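Hi,

Here is the structure I said I would pass on. Have a look, and my notes follow below.

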Amino acid sequence: MITDRIDAITKIPPAYQKAVLPAPKSVKIEISPRCNYRCGFCALRNREVQPKWDMDLGLFKRVTREMREAGVEEIGVFYLGESFMAPNLLVDCVRYLKGELGMPYVFLTSNASMAFPEAVEECMKAGLDSLKWSCNAADEEQFEKIMGVSKKLFHTAYENIKSAWEIRSKGGYKTGLYASSIHYDGEQLKKMEQLIAEKVTPYVDQHYWLPLYSMGAFATLREEELGYRPTAGNQGRLGQLREPLPCWSAFTEGHVTAEGKLSACCFDATANWTMGDLTKQSFMEAWNSPGFVKLREAHLRRDVSGTVCEKCIAY
């Protein structure tokens with residue numbers, strides 16, 4: 001079950017409750033930093049200039065080889081952007097991870113609107129282990145308000161979700177299909193539950209609920225405008241929430257931008273939490289860089305005052 005994997009990453013085991021760490025079991029890599037949505041709760045809204053360049057395939061191959069040699073077992077071919085914005089690169093990355101590196105588990109989260117059947121099938125052929133849909137609007141009106149784009153994409157996304165299920169069934173592919181949704185309050189939740197039952201759960205292996213994340217505190221004002229109260233930091237999924245300190249994001253999972261920067265935060269859209277530069281350092285050098293070690297020490301003390309994490313809404 002996908003929730004078992006999520007819970008294993010968001011729980012910091014004893015071996016990782018240290019400042020200097022072995023390689024994380026999981027790393028997310030931003031294949032494309034671009035996204036066709038402008039979600040009100042997402043940190044991407046805070047980028048003054050939206051990136052135009054996707055990750056260099058050569059850099060991707062080098063750093064993922066280093067990761068595998070260091071002991072990384074799971075690679076997410078996404079971080080903050082929408083990876084289906086660069087479908088050819090996405091397929092090449094999955095094919096390299098599964099075919100040449102033998103990475104045990106390769107996963108992807110997508111908003112589904114750009115996940116056209118042809119691209120989805122190529123990912124499945126390449127060996128993608130998990131494809132999760134992010135479904136966070138109950139109707140056209142909410143979609144335009146929250147995602148900030150045309151309501152046409154609302155229908156396109158759910159058509160693509162259904163198509164992926166049909167493609168997997170017809171082709172006999174092994175890719176797990178999943179979905180998650182933000183657990184809104186009141187009437188919106190009722191609407192979401194109805195939509196999920198009709199358009200999502202028939203076409204996925206598992207669906208689960210998420211709290212409204214603060215996205216590193218950067219989207220807080222926008223969230224207040226939209227009328228939804230964010231949870232503290234990233235505490236995982238509903239039903240298995242984690243304490244905000246120490247934050248698992250700095251201990252059990254790596255996060256790499258399309259430019260090759262290693263971040264301590266799973267919501268770092270503005271490079272505030274950069275701990276290393278993989279264009280100049282090896283992955284493990286960046287993972288245990290002096291700045292990262294010092295930040296983890298603060299988290300373990302449960303006192304992040306004076307650090308880049310100080311202004312996170314969790315604290």
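Strand E4 (residues 130-134) and strand E5 (residues 176-182) are joined by 5 bridges and run parallel. For the terms, strands (E, at least two residues) and helices (H or I, at least four) are DSSP runs numbered from the N terminus, and two strands pair if DSSP finds at least two bridges between them.

Before the rest, some housekeeping. This is a predicted model, where local features need pLDDT of at least 70 and side-chain atom pairs count only at pLDDT 80 or more, while totals for chains, interfaces and linings use all residues. Residues are numbered from 1 along each chain as its sequence is written, and side-chain values use heavy atoms, with hydrogens and water left out.

Back to the strands. E4 and E5 belong to an open sheet of 9 strands with mixed pairing, in the order E6-E5-E4-E3-E2-E1-E7-E8-E9. Strand E6 (206-210) and strand E9 (274-277) stand at the edges with a single partner strand each, so one side of each has no neighbour in the sheet. On average, neighbouring strands of this sheet are turned by 25 degrees against each other, direction ignored.

Two helices lie across strands here. Helix H6 (residues 152-171) lies across E4 and E5, at about 160 degrees to E5. Helix H7 (residues 186-199) lies across E5 and E6, at about 165 degrees to E6. Angles run from 0 to 180 degrees between N-to-C directions, with axes fitted to C-alpha atoms (for helices, over the stretch in contact); contact means heavy atoms within 4.5 Å.

Now the helix pairs. H6 also packs against helix H4 (residues 117-126), at an angle of about 40 degrees and with the axes 10 Å apart. That makes H4 oblique to H6 (under 35 degrees counts as roughly parallel, over 145 as roughly antiparallel, 65 to 115 as roughly perpendicular, and the rest as oblique). From H4, Pro117, Val120, Glu121 and Met124 meet Asn160, Ser163, Ala164, Ile167 and Arg168 of H6.

On to H4 and helix H3 (residues 87-101): their axes come within 8 Å and cross at roughly 10 degrees, which means H3 is roughly parallel to H4. H3 brings Pro87, Leu90, Val91, Val94, Arg95 and Lys98 to the contact, and H4 brings Ala119, Glu122, Cys123 and Ala126.

Cheers
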